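Trainee: Could we take a close look at one part of this protein together? I would like to see how two of its pieces meet.

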Amino acid sequence: MTAARQGGGEERHHEHRRHVSTGTPYEATVGYSRAVRVGRIIHVAGTTAIDESGAVVGAGDAYRQASYALSKIEAALAALGATIGDVVRTRMYVTDIGNWEGIARAHGERFADVRPAATMVEVRRLIDPAMLVEIEVEAIVEDR
């Protein structure tokens, strides 16, 4: 089994492409990685407040869900040699735009000094009705 299917860790498919998994059930079932790095560019997949057991963290609390998702994103970036400061783009998909302030507060706590290009849109629903927000990011790692 690959590292992604075992639940967590980094996997290398070839010398210029690295993957990282957070071990959630959806990653193995759907066949995707939490984040992929090719060269200096990192794409982090849509990330929700799902823990390793598949439970939604912060049910009913958009701020808590956004904060949890951003923590998972930050860990995925770190596993691939990046930081929040390398993020150039965020996209936030929310099931109720009325929750925008809590989600924006969580985003602002992480990105106030970074100021990536950001989009927030309302969507009809996510995979689990308890999920209120899904966040994806793109980062470009600067030479350090």
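In what order do the elements of the chain run from the N terminus on? And could you then take me through the place where helix 3 and helix 4 come together?

Mentor: Happy to! Keep in mind that this is a predicted model. From the N terminus on, the order of the elements is α-β-β-α-β-β-α-β-α-β-β, which gives four helices and seven strands in the chain. The chain has 144 residues, and 40% of them count as buried. If you take the contacts between residues at least 6 apart in sequence, 65% join residues at least 24 apart.

Now to your two helices. Helix 3 covers residues 62-79 and helix 4 covers residues 100-111. Their axes come within 7 Å and cross at roughly 35°, and the crossing is right-handed. On the helix 3 side, the contact is made by Ala62, Tyr63, Ala66, Ser67, Leu70, Ser71 and Glu74. Helix 4 brings Gly102, Ile103, Arg105, Ala106, His107, Glu109, Arg110 and Phe111. Sorted by type, the residues of this contact are seven nonpolar, four polar and four charged.

Note on methods: Residues are numbered from 1 along each chain as its sequence is written. This is a predicted model: local features need pLDDT of at least 70, side-chain atom pairs count only at pLDDT 80 or more; totals for chains, interfaces and linings use all residues. Side-chain values use heavy atoms; hydrogens and water are left out. Axes are lines fitted to C-alpha atoms, for helices over the stretch in contact, and angles run from 0 to 180 degrees between N-to-C directions. A crossing is left-handed if the near helix is turned anticlockwise from the far one by less than a right angle, and right-handed if clockwise. Contact means heavy atoms within 4.5 Å. Ala, Val, Leu, Ile, Met, Phe, Trp, Tyr, Cys and Pro count as nonpolar, Asp, Glu, Lys and Arg as charged, and the others, Gly among them, as polar. Buried means under 20% relative accessible area, exposed over 50%, partly exposed in between (1.4 Å probe, protein chains only).
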